[in-house]
Amino acid sequence: MRITQGTFSFLPDLTDDEIRAQVDYALSQGWALSVEYTDDPHPRNVYWEMWGLPMFTIKDGAAVLYEVNACRKAFPNHYIKVNAFDNTRGVESMCLSFIVSRPADEPGFCLQRQEAAGRMQRYSTRGYAADKPAGQRY
Amino acid sequence: MNAPAAPTVDLQAILHETNVQEVLEELDRELVGLAPVKKRIEDIAAFLVVARARKQLGLEAATPSLHMSFTGNPGTGKTTVALKMAQILYRLGYVRKGHVVSVTRDDLVGQYIGHTAPKTKEVLKKAMGGVLFIDEAYYLYRPENERDYGQEAIEILLQVMENQRDDLVVILAGYKDRMETFFKSNPGMSSRIAHHIDFPDYSETELLQIAERMLAAQHYRFGDGARAAFEQYLARRMQQPHFANARSVRNALDRARLRAASRLYAERKRELTESDLTNIAAADILASRVFQSPVS
């Protein structure tokens, strides 16, 4: 099951040129870009591992692609996303975030039902891959 | 039967559209002397214009390697030329942003194990889309200490210079002899640099011209006899050690301005005219320490 989170996630995977165009747009807005990766794509897992520090001083999108490719090389079977952060005073939040790399095989999520008091049903989701310890999931 | 006309390109149009000629003329106008350097830069610009014309006709060739090394004594205009080079490359579309990131060993090499790689990469990322100017690049390699982290920075630099040729242009600068030793001990670096440009020292007349331009830029001028005094000053100063060409001229002029100011301050009872405030007097220059030592 294909994970859909962040911008563009219902589109086919972005090519490097398309990623580059998005990154250049973010830079033209003065946003700082960062690369993050994870092997636990649960929708509630919002804090992914940082791949290096956010890039505040770069002028050109090539630098972001360089980091994305380095991250892909180190974690070929993880989820990798690019974030664009607007540090303008009063905004100071993420403006754009999209997945740039995903594992070849995504087993998806299981819907778990729990019987609670008085025939109440509680629901939760759990990634099939999360059964394995971190680092061996994909 | 007419054969289809062979497609043509107009070099003039490329020159016009990119305004390269403008930068070259600016370079020629603003910098005194340096004839061989200007010639080399014109050659490189011509090569790049032709490469662009070939591309328009679909004669695809690999992006030419543009990494350069500028060698020469201090104060011969290496940094200034690097800034101009960045503009030329930007106008011809060989770098995307055209900014110059100027660094030295300190910015590239870390202090402990594992510190160098991120530091160098940080600088490289900052320079992408523009020109990375490494001043006194020979300090990166310290043969006397085999555990020096400079080697690590060189390796990362080489890798990026080779793989991301479209993304950034590296210019290494430094003294001629020390750069030669540096290239000898790092053949990989030498072979990845396409253009070695040597900056000659300025002659006395050129230095005098430079001095006049520097003064004019700050709305000063040589007063009576001051020009001759400065000529004498240059003749003596050039014999002394640590002569740094244009940089020494600038320092000498700064000190002369200082003396001119204190001279005016001493006679503050008097009404000053504009020429009092703009003139550098011969005495301001002759007071220099250079005139106290006997001529060898």
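Colleague: How many helices and strands does chain A have, and in what order do the elements run?

Modeller: Please note that this is a predicted model. Chain A has 2 helices and 6 strands. Read from the N terminus on, the order of these elements is α-β-β-α-β-β-β-β.

Colleague: What share of the residues of chain A count as buried?

Modeller: The C-alpha trace of chain A spans about 60 × 35 × 25 Å along its principal axes. A residue is counted as buried if 20 or more other C-beta atoms lie within 10 Å of its own. Among the 138 residues of chain A, the buried share is 27%.

Colleague: Which element of chain A gives the largest share of the side that touches chain B?

Modeller: The contact involves 8 residues of chain A and 10 residues of chain B. On the side of chain A, 3 residues come from one helix, the largest share, and that helix spans residues 62–74. The element asked for is helix α2 of chain A.

Colleague: Which strands stand at the edges of the open sheet in chain B, and why is one side of each left without a neighbour?

Modeller: The open sheet has 5 strands with parallel pairing, in the order β2-β3-β4-β1-β5 (chain B). Each edge strand has a single partner strand, so one side of it is left without a neighbour in the sheet. The edge strands are β2 (100–103) and β5 (195–199) of chain B.

Colleague: Which residue stands opposite B:Leu132?

Modeller: Strand β3 (residues 131–134) and strand β4 (residues 169–174) of chain B run parallel and are joined by 4 bridges. The residue opposite B:Leu132 lies in β4(B) and is B:Val170.

Colleague: Which helix packs on the sheet, touching β1 (68–72), β4 and β5 of chain B?

Modeller: The direction of this helix makes about 140 degrees with that of β1(B). The helix covers residues 176–185 of chain B and is α8.

Colleague: Which residues touch the most other members of the largest nonpolar core?

Modeller: In soluble globular proteins, nonpolar side chains tend to be buried together. The largest nonpolar core here has 79 residues. One of its residues, B:Leu89, touches B:Tyr94 and B:Val169, among others. The residues touching the most other members are B:Leu89, B:Val131 and B:Ile171.

Methods:
Residues are numbered from 1 along each chain as its sequence is written. Chains are lettered from A and ligands numbered from 1 in the order in which they are written. This is a predicted model: local features need pLDDT of at least 70, side-chain atom pairs count only at pLDDT 80 or more; totals for chains, interfaces and linings use all residues. A residue is buried if 20 or more other C-beta atoms lie within 10 Å of its own, exposed if 12 or fewer, and partly exposed in between; C-beta atoms are placed from the backbone. Two residues are in contact if their C-beta atoms, placed from the backbone, lie within 7 Å. Two strands pair if DSSP finds at least two bridges between them. Axes are lines fitted to C-alpha atoms, for helices over the stretch in contact, and angles run from 0 to 180 degrees between N-to-C directions. A nonpolar core is a set of buried Ala, Val, Leu, Ile, Met, Phe, Trp, Tyr and Cys residues joined through C-beta atoms within 7 Å. Lists of a residue's contacts leave out its neighbours within four places in sequence.
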